[in-house]
Every structure is written in structure tokens, then in C-alpha cells.
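Work through the following exercises with the sequence and the model side by side, taking each solution one step at a time.

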Amino acid sequence: MKYLDEFQNPELARRLLDDIRGMVTRPWALMEVCGGQTHTIIRHGIDQLLPEEVELIHGPGCPVCVTPLAVIDKALEIAARPEVIFCSFGDMLRVPGTDRDLYRVRSEGGDVRVVYSPLDALKIAQQNPDREVVFFGIGFETTAPPNAMAVHQARRLGLDNFSMLVSHVRVPPAIEAIMNSPSCRVQGFLAAGHVCSVMGVDEYPALADRFGVPIVVTGFEPLDILEGIRRTVRQLERGEHTVDNAYPRAVRPEGNPAARAMLADVFEVADRSWRGIGTIPASGWRLSERYRGYDAEHRFSVEGITTREPAACRSGEVLQGLIKPHECPAFGTTCTPRTPLGATMVSSEGACAAYYLYRRLGTAPTPLEATPVV
């Protein structure tokens, strides 16, 4: 169980917590930009075990959650067409659009299939040459390379009945947008290790220098998170703001050159809209001109979509780190995993889902009532 048991060691966690308590002299607000890290923090009660001076703010690190409503509504309209087999990862099926979700489309006769890889969708396209197969390609830099590979393979194989509905977003522009917000309280970032394992850390030093914030690349186990927090607080206490790789077992400075080359071939950087946040310049990818024929948004003309966000849903404020999930009046009442108002409640990486799953329903429990690592 290497990297599981070893990185959940209670004694080592106590030492890291003692080290953090011993160095902190004033309040600091840190943001993790990864839904997987958010779930680790809430599951193990890490935020409650830290000294009260250290606050963790949950950022827009859930790719499902930031997929804009207009794209989801387009997916629903395309999935409902009789000539289409619509393929998606399972976490998108319950994400609410304006008036339905992919489960509803499937119950109404749409051919919606859960796949575990974009290459599964390619196989379905090969097996069904008389049908249009569409894969819903969402996510951060981590899922973009296999999705790019699928499009590359479709072109190589001449699969003209395969296309992809793309909604890929990039983390560094999101950090820039957060820091430029007049309501920003973030003083340091825990960067997502899986993103950096693909892209490296090239884009982060300029952000750290420009905004005077430390950025520490961090993993996903409890000790990874605590070590990332320790290094970030140490920099803040010293008045430093550098990029620090606390996840060297997975992240190299240059990232994954083969994956980056595939991304550069298939995608091009574009402005992207983020659900609950708005448009962030150069914050996403779209298929490049060479692969534009595999873009489902171009292949299927979807007109007349009018989106409507639920008035009671404050997931946009949750994604920006302005409120904690349980501070939304709808949380746990009119908005639950069975009756979600927003994607943050149904995504496996959503902050609202984490708070609901681990019973952060209002007043904070003591660490012994949570499920801490120590």
C-alpha cells in the first residue's frame, strides 16, 4: 500500500501539525485549486486540525463544477438526437442543466452511455458506423491529453462519425483571475499535483512574482496536504513568494513532454467561460484548425439555447471561495445529492458534495466528530 498507508501516518501528521503551529504568528488564507484535495481536507478534518490562524479556502478545482451551463445544455440537446450515441464519464450524468440532466435524456430515449476512457468512445464509433458518436470532453490539464489522443486517433483511423464536445479549462489563468478579483483574500496556493505532472511548473513563477503569493505543488494524501500547507505557511512567515514542488515523486519541472506535445498538436488555447465565475481569457482549449472537423459544437448546430441558473444556488460563490458550502441557505435542504441545484453538489470533486458527504452541515464539528487522520 505504498503512498497510501505511508502518507496517512498519524504520527507524521502530528509532527507536521506541530511544526505548522510552531511557526505561524498571524492569520493566513490559503487556497487549494483541486477538488481531490478539497475532499481529502474535509474527509480527514485537516482544516479543523490546523491552528485557527490558518484558513483553507476551496477554489474552482472541480472540472465538472466549472463546466458552463450553456455547454451542458448543448450536450443535452445533442444527446437527445436519435442519430447520436452520446458518451460521457459517469460524473457528468447528474449535473443539472437548465431543465434536465443526461439521466433524464437517457430515460426519455436518448442513447447516453457511460465510458471509462475516450478510447472507449472510439471503439463505439468503430462498432456503429451508421451513428454519430459524441464524447463529452471536459476537465483540467489532467484529462486533456487522453482526450487529445482520442481525437488524434480518430483522424488517423478516418473515423468521420466521431466528434468531441470540448470544455477543457486551464488552472494558471484561473489563479490569475482569482488574484485579480477585488474580493480576493488568498495569500498562498496549493497547486494541484496531477495538473503539474502533465504541464510542469513553467507558468507558475510569473504568477507568484506578480501577485506576491507562494505556490506550492501538492499531492492528494493527508501528509501531502499537510506538507504543502507547512511549506506555504513557512514562505508566508518569511515574506517569500516562490514556486515550491512538494510533490517530486510525481511532478518534474518540465511535466510530461509527450503529453504536452499531444496537447499542442490537437488543441489551441482559447477563452473559456467558467460556471459561476464567467469568462476567463486564455483559460481553456478548443480543437485546433487541423482537427476542427471533430468538434461536435461545429458539427451539430445547436441554436436557441436559453440558460437559466437556479436563483437559490450559490455555487458560483463557493467556486470562487467567497463562502463555504454550508453557508448557502439551500445546502442540505432544497439542494442535496438527490435534488442538486448545482454541479458542486453532485460532482465527486465538488466542495458541496464533500461537505454533505462528510456531514459538514452547519456548525463545525470538533475534529473527533469528523474523520481526521490523527
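**Exercise 1: contacts and cores**

In this predicted model, Tyr-204 touches Val-171, Pro-172, Ile-175, Val-195, Cys-196, Ile-215 and Val-243, when residues up to four places away in sequence are not counted.

Solution. Begin with the largest nonpolar core, which has 58 residues, and in which Phe-86, Phe-189 and Tyr-204 touch the most other members.

**Exercise 2: the disulfide**

Task: Which cysteines are joined by a disulfide, and why is the disulfide right-handed?

Solution. The structure holds one disulfide, and the residues that it joins are Cys-62 and Cys-65, with an S to S distance of 2.4 Å, which lies within the cut-off of 2.5 Å. The torsion about the S-S bond of Cys-62 and Cys-65 is about 70°, and therefore the disulfide is right-handed.

**Exercise 3: burial of cysteines**

Task: Is Cys-65 buried or exposed, and how is Cys-184 classed?

Solution. Buried means under 20% relative accessible area, so Cys-65, at 1%, is buried, and Cys-62, at 3%, also counts as buried. Cys-34 is in no disulfide, the nearest cysteine sulfur, that of Cys-62, being 9.6 Å away, and Cys-34 is buried with a relative accessible area of 1%. Cys-184 is likewise in no disulfide, with the nearest cysteine sulfur, that of Cys-34, 19 Å away; its relative accessible area is 25%, so Cys-184 is partly exposed.

Terms used:
Residues are numbered from 1 along each chain as its sequence is written. This is a predicted model: local features need pLDDT of at least 70, side-chain atom pairs count only at pLDDT 80 or more; totals for chains, interfaces and linings use all residues. Side-chain values use heavy atoms; hydrogens and water are left out. Buried means under 20% relative accessible area, exposed over 50%, partly exposed in between (1.4 Å probe, protein chains only). A nonpolar core is a set of buried Ala, Val, Leu, Ile, Met, Phe, Trp, Tyr and Cys residues joined through side-chain atoms within 4.5 Å. Contact means heavy atoms within 4.5 Å.
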